[in-house]
Amino acid sequence: MSLSTTARLRTAGALLAVSAFALAGCSGSDSDSDDSAASDSGDGSTKTITIFAAASLQGPLDTVAKDFTKAHPEYEVKPIVYDGSQALATQAIDGADVDVLAFASEKSLEPVTEAGITDDSKIFATNTLEIAATPGNPKGIKTFDDLTKSGVSVVTCASEVPCGQATDKVEDATGVTLKPVSEETNVTSVVNRVAEGEADAGLVYTTDVTAAGDKLEGVDFPEADEAVNKYPVAVSTKSKDPEGAQAFEDYLLSDDGQKVLDEAGFGAP
């Protein structure tokens, strides 16, 4: 065999070795990619929970969610979706992904249950209405009837949402009919309208006045007892992680969860 032939054979062997190494590297890369995909699929990783909650729960429910994930590190609670219960019910019925629903009244949850999205619920808190006046209460509002005085602008929730339904009950019980300058789709909007000076007063929950601090001045009125809202929580029948959803509901009803709600001014179930 000539020297040139030997050199050619050595060169070919080297090329084959390089090719084999490259193929092995590609094979290893694919394996790593598969392993990464398996990890991202959720096997052994943190599971997420999606919660729809009434606007009046914002604040304390964020705290409950944070405490829950500390107690159950295997779960992560996505940023809670807060809105009027009616709007949340519509989203759930339209097919939005949700694991837990926490609403401001039993009536607001009924359409969701009728649609087969929930089949069981538990009361986890209660709340009552309070008059929210601008700081200093310049209009001198002392009673529910004072909201009808000339020169007093009032904002309420629309009748479709729980705080509006509670307002309707108080009006029926007292025989006093309000003439709001605006009807909002959730209680947070009422709070903001009064806090920003766009209205003299509004009907919100006691917990909202407490949370607003010096931005609002609360006025209690005895007729509020005619419309105590009971807050239900339910696990979605379409939940992607019913065990996690149930774990959150259980935590909300536990002593730890109830303590947070009590400190925010909510009543016991």
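**Exercise 1. Determine what joins the side chains of R193 and E184, and describe the surroundings of R193.**

*Solution.* Step 1: the side chains of R193 and E184 are joined by a polar contact of 2.8 Å. A polar contact is a pair of N or O atoms within 3.5 Å; within protein, one must be able to donate a hydrogen and the other to accept it, and residues adjacent in sequence count only if both atoms are side-chain atoms. The model is predicted: local features need pLDDT of at least 70, side-chain atom pairs count only at pLDDT 80 or more, and totals for chains, interfaces and linings use all residues. Residues are numbered from 1 along each chain as its sequence is written, and side-chain values use heavy atoms, with hydrogens and water left out.

Step 1: R193 is located in helix α6 (residues 187-195). Helices (H or I, at least four residues) and strands (E, at least two) are DSSP runs, numbered from the N terminus.

Step 2: with a relative accessible area of 23%, R193 is partly exposed. Buried means under 20% relative accessible area, exposed over 50%, and partly exposed in between (1.4 Å probe, protein chains only).

Step 3: not counting residues up to four places away in sequence, R193 touches V155, S182, E184, E198 and A199; contact means heavy atoms within 4.5 Å. R193 and V155 lie 38 residues apart in sequence, with a C-alpha to C-alpha separation of 7.5 Å.

**Exercise 2. Identify which residues of helix α4 (residues 106-114) are buried, and state where they pack.**

*Solution.* Step 1: S108, L109 and V112 are buried in α4. Seen down the axis of α4, the buried residues fall within an arc of 90° (taken from the directions from the helix axis to the C-beta atoms), so they line one face of the helix.

Step 1: K107 and E114 are exposed on the other side of α4.

Step 2: the packing partners of the buried residues of α4 are α3 (85-93), β5 (100-102), α5 (162-174) and β12 (229-235).

**Exercise 3. State which residues lie nearest the centre of the largest pocket, and how its lining divides.**

*Solution.* Step 1: 17 residues line the largest pocket, and Q58, V191, D208, A211 and A212 lie nearest its centre. On a 1 Å grid over the protein atoms alone, a pocket is an open set of points where a 1.4 Å probe fits, with protein on both sides within 12 Å along at least five of seven lines; lining residues have an atom within 4 Å of a point.

Step 1: the lining comprises 8 nonpolar, 6 polar and 3 charged residues.

Notes
Nonpolar A, V, L, I, M, F, W, Y, C, P; charged D, E, K, R; others polar.
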